[in-house]
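Welcome to this guided tour. Open your viewer, get the selection tool ready, and follow along stop by stop.

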Amino acid sequence: MTEALVLGGGGVGGIAWLTGVLAGLAERGRDVTGAGLLLGTSAGATVAAQLGSGLGLEELYARQVDPALQSAEIMAEMDLEKFGAEFGAAAAAASSLPELRRAVGRMALEARTVTEAERLAVIESRLPSHSWPERALKVVAVDAGSGEARVFDRDSGVPLVDAVAASCAVPGVWPPVTVDGHRYVDGGVRSMANADYADGADRLVVLLPLGATDPFPTERPVERVVAERRAAGAEVWVIEPDEASRAAIGDNALDPATRRPAAEAGRAQGRELTPPWDDRG
């Protein structure tokens, strides 16, 4: 059986929640991190890369809850009202999804943010290893110019830090990341999970820190992909935050202060979860 672990976007609060859920599952003997494919988008790209680093879940969890071990994050606020107005105008003018993604890319390129170097330093501090793992790892980003998705892996020739930074480049908040002469933005612009890139897996575990609703229009929403994979005979387990986890992640998942509460809530949630295939062996 081929297995994939699909980790969606959700800011630093999402990184902490993902880590907590995975640690809670493992604590109860339900470790899902040994999947043959790790597929990450945005926050999920960070966690997928961390899982591939060789550090154990307890060490990764400690890096979320212990201030002495936490990564050097930059506080960010997203002006949702301003972004919504700009996105609404772009959506009204776009005649296709690629055109809409290009408009979002232009918004990202024009935004005033920290420098790429400052942002790359943050991603470097998040990742225990800056080398691609031997196991299969896919990281999704979107070309700000063309609007097309790109899937980075160890055969892409792109440094892991750059790939993860590109996948985490929230439009209007963080700078697009330069790779091979192109500028890339958050993979969540295409889909918060990009679960279709795990097509072919017989069993998928999909973790969604911000829930199953994509913030941008997409031709591959997670609900559709899940339905298609189940119809094809795959076993799919979708995990979204419970009420306590949603409260811990809060209204600003980009706030570094969410890390400890989100990790703790995620771990408590993970301890109570049971895979849907447990009863079937």
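Select arginine 220 to begin, in the loop between strand S7 (203-207) and helix H8 (222-231). Helices here are DSSP runs of H or I with at least four residues, strands are DSSP runs of E with at least two, and both are numbered from the N terminus. The model is a predicted one, in which local features need pLDDT of at least 70 and side-chain atom pairs count only at pLDDT 80 or more, while totals for chains, interfaces and linings use all residues. Residues are numbered from 1 along each chain as its sequence is written, and side-chain values use heavy atoms, leaving out hydrogens and water.

Is arginine 220 buried or exposed? Arginine 220 counts as buried because its relative accessibility is 17%. Buried means under 20% relative accessible area, exposed means over 50%, and partly exposed is in between, with a 1.4 Å probe and protein chains only. Now show the side chain of glutamate 228: a polar contact of 2.9 Å joins it to the side chain of arginine 220. (A polar contact is a pair of N or O atoms within 3.5 Å; within protein, one must be able to donate a hydrogen and the other to accept it, and residues adjacent in sequence count only if both atoms are side-chain atoms.) Leaving aside residues up to four places away in sequence, arginine 220 touches Arg190, Ser191, Asp196, Asp199, Val225 and Glu228, where contact means heavy atoms within 4.5 Å.

Stay with helix H8 and pick alanine 231. Alanine 231 is exposed, since its relative accessible area is 69%.

**A pair of helices**

Next, colour helix H1 (residues 11-27) and helix H3 (residues 57-65), which pack at an angle of about 145 degrees with their axes 9 Å apart. Axes are lines fitted to C-alpha atoms, for helices over the stretch in contact, and angles run from 0 to 180 degrees between N-to-C directions. Which residues of H1 meet H3? Look for Ile15, Ala16, Thr19, Gly20, Leu22, Ala23 and Ala26, which meet Leu57, Leu60, Tyr61 and Gln64 in H3. Sorted by class, this contact of H1 with H3 has eight nonpolar, three polar and no charged residues. Here Ala, Val, Leu, Ile, Met, Phe, Trp, Tyr, Cys and Pro count as nonpolar, Asp, Glu, Lys and Arg as charged, and the others, Gly among them, as polar.

**Into the cores**

Now select Leu5, Leu51, Phe152, Leu207 and Ile239: of the 53 residues in the largest nonpolar core, these touch the most other members. A nonpolar core is a set of buried Ala, Val, Leu, Ile, Met, Phe, Trp, Tyr and Cys residues joined through side-chain atoms within 4.5 Å. H1 gives the most to this core, with eight residues. A second, separate core has 18 residues, including Val6, Ala198, Ala201 and Leu204. Zoom in on isoleucine 239, whose contacts beyond four places in sequence include Trp17, Val21 and Leu25.

Move to arginine 126 in helix H6 (residues 116-126). Arginine 126 is buried, with a relative accessible area of 5%.

Then find helix H7 (residues 160-167), which is largely enclosed by the rest of the structure because seven of its eight residues are buried. Leucine 160 lies in helix H7 and counts as buried at 1% relative accessibility. Select histidine 130 as well: leucine 160 and histidine 130 are 30 residues apart in sequence and 5.9 Å apart in space, C-alpha to C-alpha.

**Two loop residues**

Most residues other than glycine have a negative phi. Aspartate 180, in the loop between strand S5 (177-179) and strand S6 (182-186), has a positive phi near 55 degrees. Aspartate 180 counts as exposed at 54% relative accessibility. Finish at asparagine 194, in the loop between S6 and S7, with its positive phi near 50 degrees. Asparagine 194 is buried, with a relative accessible area of 0%.
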